[in-house]
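Here are some notes to read with the model open beside you. Take them in any order you like.

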Amino acid sequence: MVLDRAVAELDSLMTRVGVRFTRSEPRARAREYVSGLVAGLERKNGWTLAERAGESGPQGMQRLLRRADWDIDGVRDDVRAYVVERLGDPGGVLVADETGFLKKGVRSAGVQRQYSGTAGRTENCQIGVFLAYASPRGHALIDRELYLPESWTADRERCRAAGIDEEVGFATKPRQVIAMLARALDAGVPFAWFTADEAYGQAGYLREWLESRDVSYVLATRCDQRVTTRGDRVARVDELVDEFAAGTWQRLSVGAGAHGPREYDWARRQIEGTWARGRGHWLLARRSISDPTHIAYYLCYGPARSRLVDLVFTAGSRWHIEEAFQQAKGEAGLDHYQVRSYRAWYAHITLSMLALAWLAAMKAIAAKGDTPRPVKT
């Protein structure tokens, strides 16, 4: 019965995205591709997915990613809408982060030796920048961009060889996040806060853009970030936090971890900012219980009535995208691809995101004990 429900839900979702395919062959193959991504295969690449689908070779699966006529960004939009329908909540949180895909050679789009947080060191890899949606009902990836270093965008011949169009130029990772957030806002995705790590929190233009769109945020930043207090004093955030009185700190949990609640001591103070009516800016600090010298810092913007627990909850929500990456790679083949072209990367990643969204929806349905309801087609 549970299996029948899951299959019916996947069929409904694939029917929904089916309008993005101009021909029946790639439409059917996409269904086989997604089914293979969530199957218990050790590796999920063109060969293994084709073999599972009963095909004699990987050519059909490779053609689906490289050349078949279908609207990849349209499927991305359908995945986002599906996630909203299954997991949407007005108190949801949007989370941005990047993940690395280790690669050999120099021809895969965007590949170069660069720091990979996944590996924890500099490696030959591609970097994907993602936007996740998290709510009490679950979490999933809803958008993606492949980061192209300047060494790539400055070499148009190399770009052409990897299928990168002439109009695709260099964009910083925070700029890519802005593009994804703009799409989410235009689509009416319900959420209350946005969060990301310090790689994005230090980008002043990202914070300015968020405030221009009245998007509440909690963004990690470095200890040497300088801010202005309400008394017009400019100081480093670590200097301001050192001045916090002992009674300022409150012990709060940001959710369940592998070894129990993830508890820290938290404190905040108001800081100066481009104040809008009913909005406020804060410096938030998180202190380790076991090592009080280990402190993380956040810049925050949101409704003036925001409580400390609201900022803490949002900061803790960043871990949902780490969980989504782990699940997408472990259960939906996010990093199992063997493609080099720009388009093929987006095609595989989008279908993997679709598979992850379906898994997240089934978990939400199982937790609630509901029968899947048909999704919009």
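1. Ground rules. This is a predicted model, so local features need pLDDT of at least 70 and side-chain atom pairs count only at pLDDT 80 or more, while totals for chains, interfaces and linings use all residues. Residues are numbered from 1 along each chain as its sequence is written, and side-chain values use heavy atoms, with hydrogens and water left out. Helices (H or I, at least four residues) and strands (E, at least two) are DSSP runs, numbered from the N terminus.

2. Helix 13 against helix 14. Start with helix 13 (residues 319-331) and helix 14 (residues 342-368), whose axes come within 10 Å and cross at roughly 110 degrees. That makes helix 13 roughly perpendicular to helix 14. Axes here are lines fitted to C-alpha atoms, for helices over the stretch in contact, and angles run from 0 to 180 degrees between N-to-C directions. As for the wording, under 35 degrees counts as roughly parallel, over 145 as roughly antiparallel, 65 to 115 as roughly perpendicular and the rest as oblique. On the helix 13 side you will find Ala324, Gln327, Ala328 and Glu331, which meet Ser352, Leu356, Leu359 and Lys363 of helix 14; contact means heavy atoms within 4.5 Å. By class, the contact of helix 13 with helix 14 has four nonpolar, two polar and two charged residues. For these classes, Ala, Val, Leu, Ile, Met, Phe, Trp, Tyr, Cys and Pro count as nonpolar, Asp, Glu, Lys and Arg as charged, and the others, Gly among them, as polar.

3. Helix 4 against helix 14. Helix 4 (residues 59-66) also meets helix 14: their axes come within 7 Å and cross at roughly 100 degrees. Helix 4 and helix 14 are therefore roughly perpendicular to each other. Leu64, Leu65 and Arg66 of helix 4 touch Arg343, Ala344, Ala347, His348 and Leu351 of helix 14. Sorted by class, the contact of helix 4 with helix 14 comes to five nonpolar, one polar and two charged residues.

4. The cores. Which residues have the most contacts inside the largest nonpolar core? They are Leu94, Phe130, Leu141, Phe194 and Trp266, in a core of 110 residues. Helix 14 gives the most to this core, with 19 residues. A second, separate core of 14 residues includes Trp249, Ala267, Ile271 and Ala285. A nonpolar core is a set of buried Ala, Val, Leu, Ile, Met, Phe, Trp, Tyr and Cys residues joined through side-chain atoms within 4.5 Å. Buried means under 20% relative accessible area, exposed over 50%, and partly exposed in between (1.4 Å probe, protein chains only).

5. Leu311 lies in helix 12 (residues 308-317) and is buried at 0% relative accessibility. Leaving out residues up to four places away in sequence, Leu311 touches Trp193, Val218, Arg268, Trp282, Leu284, Cys300 and Ser306. Arg269, in strand 10 (residues 260-270), is partly exposed at 26%. Its contacts beyond four places in sequence include Thr229, Glu243, His281 and Trp282.

6. Helix 5. Asp78 sits in helix 5 (residues 72-87) and is buried, with a relative accessible area of 9%. Beyond four places in sequence, Asp78 touches Arg16, Val17 and Arg20. Ala81 is also in helix 5, but is partly exposed at 28%.

7. Two loop residues to check. Asp214 has phi near 55 degrees, a positive value in a residue other than glycine. You will find Asp214 in the loop between helix 10 (204-212) and strand 6 (217-221). Asp232 has phi near 65 degrees, again positive in a residue other than glycine, and lies in the loop between strand 7 (226-228) and strand 8 (234-236). Asp214 is partly exposed at 37%, whereas Asp232 is exposed at 61%.
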